[in-house]
Amino acid sequence: MFPCLTASASFTFHHLDLRVRLQSACVCYSIAKVSLDIRPGSRKKRFKHLMEETEGHGGAATAPAVSSDAVAVSDEKRRQLLEKIRSRASSAPIKDEFIDFQRFNQLYGDQNNREGKPTATKEDSQEPPQKRQKKSGQNKKRPRPKRDPPHTRLCLNVSMGKVCVYGDKCKFSHEVADLMKKKLPDIGPKCYNFDTFGRCPFGLMCRYGASHIGPDFENVVDESRLVDPASLTHNQLTLELKRSLRKKSAPFPKSEVYLQTLPRKGRGKKKEAHDTLVANTLLSDCVKSKPCSEKGLDNSISKTTESFIRSNSEGGVPSADVTTAQPEVPQGSGKTSPEVGSSVSDEGILQDSSNVSVIQNGGSDSIVVSRTPSAVRSIPETSEAIPIIPAEGAETVKTPSPIKLIGEDQSVVSSGIVDPGANGLMDMSLSETVNGPREKKSLDVDGKLLLAPLTTVGNLPFRRICKRYGADITCGEMAMCTNLLMGQACEWALLRRHHTEDVFGVQLCGAFPDTMTKCAELLSSRLELDFIDINVGCPIDLVYHKGAGTGLMNRMPKFEQIVRGMSSVMDIPLSVKLRTGVLENKNMAHTVIPKLYDWGASVVTVHGRSREARYTRSADWGYLKACAQVAQPHPFIGNGDILSFEDANDHFQNSGSAGLMIARGALIKPWIFTEIKEQRHWDISSGERLDLLRDFSNYGLEHWGSDSQGVEKTRRFLLEWLSFLHRYIPVGLLERLPQRINERPPYYIGRNDLETMMASANCEDWVKISEMLLGPIPDDFIFLPKHKANSYK
C-alpha cells in the first residue's frame, strides 16, 4: 500500500467528477506497484454511474463545465499559459476551450515557487544530492505475475466434467467442492465463451460461470450451438512435435544439406580460400607434369595431397565434390569406374573443401570448379583465381560458376552451372538438389496495408481488432528462434493464427544461420503461413548485443548466410524488416537492399529510423524513397510515422513504396485502416472506444482463458495497449488536422468524463478502465508499464 493521498483525492469514486479530482488531488505515486483502495459496496455504483454518463455522449464538441471549487485563472494568466503551450514544438494543437489551464497553472506555479527559493549551498547541505530519476527508456526489471501452485488449482479435465487420465498422480487438485468454496466471485452474469461456442473450455473455474455451472457443479453444454474453439485458430504446438523438439530428434533434412556448405567454426574465409588454392595448385601441377592414370594421381604428390586431405578432415570440414569421372569401361575389360563422389584416396580421388572436379577423358584431363554452395563460400569474389592449364589435347568442360576459371590468355573460361555432357555430370543449386526445380509463392503487397509485428501488444486479440478495421496483411509478434527450437509453449503461442487472418506471417529473430535456417524449415513445413519475416530492426540492447535484430547489420557474412539458408529451405516468400542503419546519420540500408534480393528475399521493409534513434525524431521518408528506388523492380514496403490517411496518401504517391506497414499508428488508433480506405477522419466517441476495448477483452478471454489466470493475463495485455491508446487525441478537440505521431497534447479535459479518463497518462486510470471490463483487480495485483514515460505523471 502506498498511501500519501489527500482527502480530496477520493478513490472510492461515489461520483466521477474527474475534473475536480485531477485538479485538486495531490497524489504521490510509486512506480513499483499499483494498489487501489476501492470499497466493494461503491464499485457497482461507480460503474453504473459511469455507464450512464457515457450514454448520450455521441462525441459532440461541447465546452466542458468548470467546477465551482476550481481555482479561477485570470485572462492574463491564461494568455501566458497558452503562449507557453504553443511554444512547444511537439505540442499538439488542442482547442483553447478544452485545455486544463488550472492544472497548468498549478504545475507552472510550483515550478516558479521552486525556482524562487534560495538554493542551499553544498556546505549547508548535510545530505548528498539525490540523483534525478530517469523517466525515459524501459522498465527492465518489471515484476513477473505470480502463479498459484498446481495443487491449489482445479484439474482442467475435472473442471470440464471429464475423467483425468493421470488419476491420483495428477499434480492438480480434484477436490471440486473445496475449491469451489475458495473460488473468487464471478465477474459478470454472461460468459463470452459459452455464448459463442456453446461450451466454456474452462468449466467450473470460469469467472463468468453463473451462466453455465449447474447446481451440482456440472459444466452445462448447449448442443444446439456447439463449436470447437480450436477449429478457429491454427498453428498450435502439438504434443508430438513438442517432445521431438525437446529431445532434439526433429528432422531438418534441407537445413542439414545447406549447413554442410558453410565454413565450420574456427575456419574463416582466409583459411578456406587458402586450402582451395593449395588444392588447385596441386592438381594443376599434376596435370601439367603427367596425365593422371586410371588408378590415381601421380605418386610424386600423393603424400602431399593425403596430408592436405587429412588436415581438412580432422578440422571438421565436410568433404567436397572433388571427384574423378571416367568414361564407361566395356564389360570384361577388368577395369571398373569408381563412383562419382566416393572418397577413395588410394585410387587418387581427391576430396577437400575446394570443390574441384577432375574429369578424365581417356588420356586427357581437365580441371573444373563446380558451382556448389561450399565452393561459392570458400573462395571470396575478391580473391584472385589461380591459372589452371589443362593438359595438351584435353577437352575443357565449361563450368558457369561464380568462381572464375582463367585460361592461358588470362581470359575467363566459363561461368555458371556445369552443363551435362558426355560425362553426365551436373551440379545443381541447393534448392534444386533438395526439392527439385520449384518456384516460390509470391507475396502481393501492392497497395496493401500491413500490420507490423509488435512485441507484447501485437497479440492475436489485437490483430483481430485490426483485421476487423481493414488491415490487409497481419504478422505475429517477434519470436526467438532458439526458444521455438526448444519447444517452449509460450513462444509457440506467438505463432497462432486466427481464421480471419487471410494473409498471415510470422517474424523470427536470431543471430546464427543454423538456428534460423532450421526454424524456417520447421515452420514453413508444419504451420499455415503465407510468409516468414526476418527481424533486423529490433533496437533493444538485449537483442542487439547478441548479434540479432539490428546487430545483423554489423555482421554481414552471417546476415547473408541466414537469408540464403532460410530462402533455400522455404517454399513460401521470405521478407526482411530492417532499419536505415545502426548509427544516426550513417544510413546503410540502401547498400543492403539489393543484396537481400540477390540472396533470396522476396520483400524488404525498412523502418525510417536508425537503431540509435529508436523511436525519437521523425521517420526519414526521403531516405525511404531512395531505398525504394534501389529496390526496383522488387516490391518495397515503407514504415514509420503513419497516423492518418493524409500520411498514407503522401507516402504511396511520393515514396515509391508498394505497400505501407503501420505499427504505433495502429496501437494509438486501430481504426486507422478504415480511415485510409475510406479517406476520412473518424471522430470516434469515447463510448465506441470503450466498446472496442470490450471486444478486445472478450477476444482475450477466448484466447487466454476465462479463469482467474486468463482474466489477469487479458488485463495485463489490455493495460499494455492502453499505454499507447491514451495518446489518441479526439478529432473534435484538435485545431489542426491531422494529429502527428510524435505530438503530445497538453493537459486537456475531454467532452465527457470517460473521454477524459481515456486521455490520462496515469497508469491508475488505465487500471480503472480495466476494472470496468474485467472486474476488480485482486489484492496482490502488480503492474508496471513497459516504458518509464508511461508509468506515472
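A residue counts as buried when its relative accessible area is under 20%. By that cut-off Glu743 is buried, since its value is 11%. The model examined here is predicted.

Glu743 forms a salt bridge with Arg736. The closest N and O atoms of this pair are 2.7 Å apart. Arg736 is partly exposed, at 34% relative accessible area. A network of salt bridges with shared partners joins Asp683, Arg689, Arg751 and Glu755. In total, the structure holds 29 salt bridges.

Another salt bridge brings together the side chains of Asp96 and Arg86, with an N to O distance of 2.8 Å. This pair links distant parts of the chain, ten residues apart. Asp96 lies in the loop between α3 (75-87) and α4 (101-116), while Arg86 belongs to helix α3. Asp96 is partly exposed, at 27% relative accessibility. Arg86 is also partly exposed, with a value of 34%.

Asp641 and Arg609 meet in a salt bridge as well, at 2.5 Å from N to O. Here the partners are 32 residues apart in the chain. Asp641 sits in the loop between β12 (636-639) and α22 (645-654). Arg609 sits in the loop between β11 (603-607) and α21 (621-631). Both ends are buried: Asp641 has a relative accessible area of 16%, and Arg609 has 3%.

Trp671 and Trp682 form one of them, an edge-to-face pair with 6.5 Å between centres and 70 degrees between planes. Trp671 lies in the loop between α23 (664-668) and α24 (672-678), and Trp682 in the loop between α24 and α25 (686-704), so the pair ties together parts that are eleven residues apart in sequence. Trp671 is buried at 0% relative accessibility. Trp682 is buried at 18%.

Trp671 also pairs with Tyr728. The ring centres are 5.0 Å apart and the planes stand at 90 degrees, so this pair too is edge-to-face. Tyr728 lies in the loop between α26 (708-725) and α27 (753-758). The two residues are 57 residues apart, and their pairing links distant parts of the chain. Tyr728 is buried, at 2% relative accessible area. Ring pairs link Tyr469, Trp671, Trp682 and Tyr728 into a cluster.

Charges also sit over aromatic rings. Arg555 lies over the face of Phe512, at 5.3 Å from the ring centre. The charged end of Arg611 is placed over the ring of Tyr544, 3.9 Å from the centre.

A search of the whole structure finds zero disulfides. Cys206 is in no disulfide, and its nearest cysteine sulfur, in Cys191, is 3.6 Å away. A disulfide requires sulfur atoms within 2.5 Å. Cys206 is buried, with a relative accessible area of 0%. For Cys509, the closest cysteine sulfur belongs to Cys538, 5.9 Å away and too far for a bond. Cys509 is buried at 0% relative accessibility.

Thr456 lies in the loop between β5 (449-451) and α14 (460-468). Thr456 is buried, at 18% relative accessibility. Leaving out residues up to four places away in sequence, Thr456 touches Glu477, Phe717, Glu720 and Lys786.

Note on methods
Residues are numbered from 1 along each chain as its sequence is written. This is a predicted model: local features need pLDDT of at least 70, side-chain atom pairs count only at pLDDT 80 or more; totals for chains, interfaces and linings use all residues. Side-chain values use heavy atoms; hydrogens and water are left out. Rings of Phe, Tyr and Trp (its six-membered ring) pair if their centres lie within 6.5 Å; planes under 30 degrees apart count as stacked, over 60 as edge-to-face and the rest as tilted. Helices (H or I, at least four residues) and strands (E, at least two) are DSSP runs, numbered from the N terminus. Buried means under 20% relative accessible area, exposed over 50%, partly exposed in between (1.4 Å probe, protein chains only). A charge sits over a ring if NZ of Lys or CZ of Arg is within 6 Å of the ring centre and within 35 degrees of the ring normal. Contact means heavy atoms within 4.5 Å. A salt bridge is a side-chain nitrogen of Lys or Arg within 4 Å of a carboxyl oxygen of Asp or Glu.
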